[in-house]
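Here is a short note for a colleague opening this entry. Please keep the viewer at hand while reading the points.

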Amino acid sequence: MSANVPVLQSLIAGRWVGSQAARGLHSALNGRLIAQTHAESLDFGESLAYARGQALPALLKSTFQQRAATLKALANYLMERKEQLYAISVHTGGTRPDNWIDIEGGIGTLFAYASMGRRELPSSNVVHEGPAQQLGKEGHFWGSHVLVPKRGVAVHINAFNFPMWGMLEKFAPTFLAGMPSIVKPATATSYVAEACVRLIQESGLLPEGALQLIIGGSGDLLDRLEETDVVTFTGSADTAAMLRVNKNLIARSIPFNAEADSLNCAILAPDVTPEDPEFELFVKEVAKEMSAKAGQKCTAIRRAIVPRHLVDAVGEKLRERLAKIKVGDPAVEGVRMGALASRDQQSDVTERVALLSQGNEVLLSSRDGFAPVGEGVAEGAFFAPTLLLCRNPLANETVHSVEAFGPVSTLMPYEDFDEALHLAAKGRGSLVGSVITKTPALAAQAVFHAGAFHGRIHVLDREGAKESTGHGSPLPMLKHGGPGRAGGGEELGGIRAVKHYLQRVAVQGSPTMLTAITGEYQRGGKVQEDAIHPFRKYFEEIQIGDSLLTHRRTVSEADIVNFGGVSGDYFYMHFDEVAAKDTQFGQRIAHGYFVLSAAAGLFVSPAPGPVLANYGLDTLRFVNPVAIGDTIQARLTCKRRIDRGNRPDQPPQGVVAWDVQVTNQRGELVASYDILTLVAKKSG
């Protein structure tokens with residue numbers, strides 16, 4: 001060990017721990033010692049106590065909306081300092097585009113969850129999963145579901161290939177849910193995770209203990225977890241299988257979410273010919289997934305499944321494209337593929353390629369003039385792009401069970417599309433499968449049959465290719481995970497990921513009680529009426545249950561005629577007396593959208609005031625017809641409020657959702673909906 005090489009530190013219970021060197025970590029490019037793990041043991045009892053006693057109460061003093069704002073501020077802070085992270089990430093062996101995925105992809109995930117939280121979550125710590133269900137005949141007893149914070153700690157165990165993105169894509173939904181995180185990165189690239197956590201700590205944006213970092217082993221951490229805690233894991237299927245059977249996790253029913261390596265595939269559909277753009281798209285996609293991050297992506301294409309009559313043509317095209325890729329130190333101009341993350345990883349991939357090669361053809365490997373460029377690369381962890389061909393994939397189980405986690409893929413032929421889908425399923429569950437086709441019916445068939453075996457299916461044709469993010473790119477708004485070998489869990493997926501860190505609770509009670517519990521007005525519950533029109537109140541003054549019962553309006557034939565003239569809607573039900581008599585209504589009825597407009601006329605306060613704009617309309621239903629001569633009345637009630645915070649590009653404001661019920665002279669509901677308004681705040 002060298003005294004001049006930094007010792008990485010853990011961030012535990014609000015302090016940085018570590019000064020004595022333990023294991024050396026080496027640059028993937030030239031083998032130079034760049035960092036050392038620390039030898040000091042960690043007290044995980046103290047770590048958990050700090051997270052529960054210090055971080056958790058602080059997190060729950062804020063709301064979903066406020067935590068979303070913090071995520072955005074943190075993303076901006078990291079983006080301004082991204083070059084510091086690029087400088088240290090070069091030692092992982094990745095090119096600038098590779099590290100862009102890790103660094104700016106991770107920061108982008110923070111931005112994405114900040115935006116989703118602001119748009120989709122309430123200004124509270126309770127999410128109502130409605131609608132409520134009536135449980136009593138007279139409407140006095142209802143039931144629904146809410147999501148509340150788990151009041152536990154999330155332990156995130158990450159893989160070596162994306163030390164920053166892998167950490168932030170788990171942290172973002174965890175923090176948004178109000179849960180502290182304890183992060184354990186893979187040791188080989190933990191120097192990147194440590195650099196990122198140091199910046200986060202220096203920002204001062206997070207409550208103390210909201211994010212803790214483990215450098216090295218996790219010791220007895222899993223043995224100390226409690227029922228309200230959560231474990232998420234990314235890595236090998238073998239390690240996932242070992243961790244998920246921890247006796248304490250099983251005894252306490254602690255959720256364990258795994259995202260494991262898998263034998264992902266890409267299928268070239270039988271409708272594609274070498275002259276089609278889709279043929280070239282397939283070749284490019286496979287080559288890109290083999291070379292990006294030197295193939296060290298849990299979503300990389302490991303099996304390329306093609307029609308038998310095209311297997312040699314595809315093999316030749318792939319070989320040509322891969323042979324042109326310049327490999328070496330990314331600092332050298334023209335280099336498009338870097339090294340594996342470590343020499344250990346290099347040895348592991350070598351062993352697995354040897355297994356995969358048995359009984360198969362090697363179309364491209366290190367024997368084909370592989371010579372990485374750059375100073376000191378002989379001591380680096382470089383690996384040649386390796387393309388194999390298995391001509392009988394139905395009889396060779398190895399190609400469907402052994403993964404070489406590097407720039408390695410196996411080409412395999414099929415006779416018909418059913419056989420292609422069968423080969424895809426032989427991977428026994430994967431994170432993603434691609435189907436390259438120009439026929440919509442084949443895409444639909446593939447999703448129907450292969451959906452049970454893949455977490456995500458990427459359909460690519462010449463149209464989608466114009467904007468496709470690619471086979472290997474998980475997105476924050478879509479699920480990341482897969483069944484079977486892929487771990488059986490889910491990460492990302494928009495607000496679905498946040499809900500993973502919340503507890504779902506069924507609640508029952510009167511409408512008034514459900515209103516208080518859910519933070520949303522439940523029809524039939526107690527309302528507040530006063531002399532001030534609800535639209536004359538500023539955002540801070542509006543309370544859930546504030547209500548207005550409007551005056552009445554009788555619908556005339558002139559209303560229908562005038563509305564038809566303005567809208568251009570001359571549907572026979574509104575204008576043809578004879579035809580209308582033969583319908584279930586037996587008479588002409590008013591336009592549904594006239595009823596909607598007339599209701600707005602009843603409850604709107606027209607003078608300038610705090611209401612800035614109509615923001616939208618939700619859950620609209622026309623329940624009963626309104627005939628000529630019917631009299632309608634509306635009740636407007638504040639259903640929920642969302643504080644959007646104070647943004648520099650807008651006046652201080654919030655969103656108010658109003659429950660609207662339109663009834664006729666018999667008290668029957670004729671229209672029902674939620675109207676959303678932007679409402680100004682009294683002060684910034």
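1. How many of the 14 residues of H6 are buried? The model is predicted, and in it 11 of the 14 are buried, so H6 is largely enclosed by the rest of the structure. Among the buried residues are Ser 190, Tyr 191, Val 192, Leu 199 and Ile 200. Glu 194 is buried as well.

2. Check the length of H6. The helix covers residues 190-203. At 1.5 Å a residue it should span 20 Å, and its end C-alpha atoms are 20 Å apart, so the two agree. Gly 204 follows H6, with a positive phi near 70 degrees.

3. Look next at H2, residues 64-80, against H6. The two pack at an angle of about 120 degrees, with axes 10 Å apart. They are therefore oblique to each other. The crossing is right-handed. From H2, Leu 74, Tyr 77 and Leu 78 make the contact; from H6, Cys 196, Leu 199, Ile 200, Glu 202 and Ser 203 do. By class, this contact has 6 nonpolar, 1 polar and 1 charged residues.

4. H2 also packs on H4, residues 96-120. Their axes come within 8 Å and cross at roughly 155 degrees. That angle is over 145 degrees, so H2 is roughly antiparallel to H4. This crossing is left-handed.

5. Now the residues between H2 and H4. Those on H2 include Ala 68, Leu 71, Leu 74 and Leu 78, and those on H4 include Ile 107, Leu 110, Phe 111 and Arg 118. The contact divides into 11 nonpolar, 3 polar and 3 charged residues. Leu 74 and Leu 78 of H2 also belong to the contact with H6.

Note on methods
Residues numbered from 1 in each chain as written. Predicted model: local features only at pLDDT ≥ 70, side-chain atom pairs only at ≥ 80, totals over all residues. Heavy atoms only, no water. Helix = DSSP H or I, 4+ residues; strand = E, 2+ residues; numbered from the N terminus. Expected span 1.5 Å × (residues − 1). Buried < 20%, exposed > 50% of the residue type's maximum accessible area, 1.4 Å probe, protein only. Axes fitted to C-alpha atoms, helices over the stretch in contact; angles between N-to-C directions. Parallel < 35°, antiparallel > 145°, perpendicular 65-115°, else oblique. Left-handed = near helix turned anticlockwise from the far one by under 90°. Contact = heavy atoms within 4.5 Å. Nonpolar A, V, L, I, M, F, W, Y, C, P; charged D, E, K, R; others polar.
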